[in-house]
Amino acid sequence: MRKLPSLSTLRVFEETCRTLSFSKAAEALFITQSAASRQIKQLEEFLGKLLFIRSHSGLTLTQDAILLLPRVRQSLDILEEGIQQVQLHNPLQHLRLQVAPTFATRWLAPRLVALRRRNSQLQIALISETRQKYCDFDCAIRFGEPADCVNRGEWLCHERLVLVGSPLLAVNGVFPPLHTQPQLHILNGDTRLDNWACWLTAAGQVIAGPQSGLEFSTQDQVINACITGAGYAVLDRLMIRNELQSGLLVLLSPLELKSRNGYWLEIPVGKHDLPRVGYFHDWLQEEIQQLSQHAEPMSGMMAAVFADVDIPV
């Protein structure tokens, strides 16, 4: 006979972890706050471990709770899916994804319509990375270096860095020199990504003197700022495909640099065998493979634009 807490207790634990509040968990589960608090206390006594640190400012998960939460959610997910498969002839598949912000808005979002057409039963939810510590997810697409995904995930692709600017900056087809315009930088935590330094080195360019610059927390913000003419930017060409095609941004150099950074796929332990995860994994790999096979050279229109551009250092 299995020695397990009751299902209702595990549901209260999961909901309390999500809301970090006994009252909110109780409200979501249609029970009283005292009942929710009592069930958590019973679970702690069953485990012999403290799961929440109670304070005037609210609840905080202990390390034991953080360790237990993914297993509880995985078990409840499997149970829920099994029940749905019995109840429904063709059950919905709820796929929870954590995706790096710019990849989500610029690369993944435009492809979700095609993905849903291929599998109409796939329901997709994008979860903020800021909630990663306390939120369960099926797959995550993270930004970093290949070393970051060793023993943790599967490498997808490198960034392809190009120098771009807005045509709003050009005067009679001539762009101002690099040193006269702010460099638009992407922050990775509290430090700048080295996109500019790597591109300038590869181009054999040196800009003398201190450089003015603007810093943004995401590449998406840099793209939007660059479109308005706030300065020049070194960006991942995969993320600005539409802007280049529409002319909102212009390639200012033919140099395209393979960055050491890129994107990788993480699938938590125990999730690999879920049908929805396998389907998304195969679809994602297929899309990435097509992307690498059809890497876009500079088009004739872009080449013509570049031929008319004068951008001295």
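Figure 1. Of the 313 residues in the chain, 44% count as buried. The model is predicted. The chain contains 10 helices and 12 strands. Among contacts between residues at least 6 apart in sequence, 77% join residues at least 24 apart.

Figure 2. Helix α1 covers residues 7-19, which makes 13 residues. From its first C-alpha to its last, α1 reaches 18 Å, close to the 18 Å expected at 1.5 Å a residue. The buried residues of α1 are Thr-9, Leu-10, Val-12, Phe-13, Glu-15, Thr-16, Cys-17 and Thr-19. Just after α1 comes Leu-20, which takes a positive phi of about 55 degrees.

**Figure 3. The crossing of α1 and α3.** Two packed helices are described by the angle between their axes and by the distance between those axes. For α1 and α3, the axes come within 9 Å and cross at roughly 105 degrees. This angle makes α1 roughly perpendicular to α3, because angles of 65 to 115 degrees count as roughly perpendicular. On the α1 side, the contact is made by Ser-8, Thr-9, Val-12, Phe-13 and Thr-16. On the α3 side, Ala-36, Gln-39, Ile-40 and Leu-43 take part. Sorted by class, the contact of α1 with α3 has five nonpolar residues, four polar residues and no charged residues. Thr-9, Val-12, Phe-13 and Thr-16 of α1 are also on the list of buried residues for that helix.

**Figure 4. The crossing of α2 and α3.** Helix α2 spans residues 22-29 and helix α3 spans residues 33-47. Their axes come within 8 Å and cross at roughly 110 degrees. Phe-22, Ser-23 and Ala-26 in α2 meet Gln-33, Ala-36, Ser-37 and Ile-40 in α3. By class, the contact of α2 with α3 has four nonpolar, three polar and no charged residues. Ala-36 and Ile-40 of α3 also take part in the contact with α1.

**Figure 5. Phe-30, in the loop between α2 and α3.** Phe-30 lies in the loop that runs between these two helices. The phi of Phe-30 is near 60 degrees, a positive value in a residue other than glycine. Is Phe-30 buried or exposed? With a relative accessibility of 78%, Phe-30 counts as exposed, because the cut-off for exposed is over 50%.

**Figure 6. Helix α5 and its bend.** Helix α5 has 18 residues, numbered 101-118. Its span from first C-alpha to last is 24 Å, close to the 26 Å expected at 1.5 Å a residue. At Leu-108, α5 bends by about 50 degrees. A proline, Pro-110, follows within four residues. The buried residues of α5 include Trp-107 and Leu-108, and among the others are Phe-103, Arg-106, Arg-111 and Leu-115.

Figure 7. Arg-111 sits in helix α5. Arg-111 has a relative accessible area of 17% and is therefore buried, since buried means under 20%. Which residues does Arg-111 contact, leaving aside its neighbours within four places in sequence? The contacts are with Arg-241, Trp-283, Glu-287 and Leu-291.

**Figure 8. Tyr-279, in helix α9.** Tyr-279 belongs to helix α9, which runs over residues 275-293. At 25% relative accessibility, Tyr-279 counts as partly exposed. Not counting residues up to four places away in sequence, Tyr-279 touches Leu-115, Arg-118, Asn-119 and Leu-122. Tyr-279 and Leu-122 are 157 residues apart along the chain, and their C-alpha atoms are separated by 9.4 Å. Leu-115 is one of the buried residues of α5.

**Figure 9. Two residues in the loop between β6 and β7.** Leu-178 is placed in the loop between β6 (154-165) and β7 (183-188). Asn-172 is in the loop between β6 and β7 as well. Leu-178 is buried, with a relative accessible area of 4%, whereas Asn-172 is exposed, at 78%. Asn-172 has a positive phi of about 55 degrees, although it is not a glycine. Leu-178 and Ile-207 are 29 residues apart in sequence, and their C-alpha atoms are 7.8 Å apart in space.

Conventions. Residues numbered from 1 in each chain as written. Predicted model: local features only at pLDDT ≥ 70, side-chain atom pairs only at ≥ 80, totals over all residues. Heavy atoms only, no water. Expected span 1.5 Å × (residues − 1). Bend = angle between axes of the 7 residues up to and from the residue. Buried < 20%, exposed > 50% of the residue type's maximum accessible area, 1.4 Å probe, protein only. Axes fitted to C-alpha atoms, helices over the stretch in contact; angles between N-to-C directions. Contact = heavy atoms within 4.5 Å. Nonpolar A, V, L, I, M, F, W, Y, C, P; charged D, E, K, R; others polar. Parallel < 35°, antiparallel > 145°, perpendicular 65-115°, else oblique.
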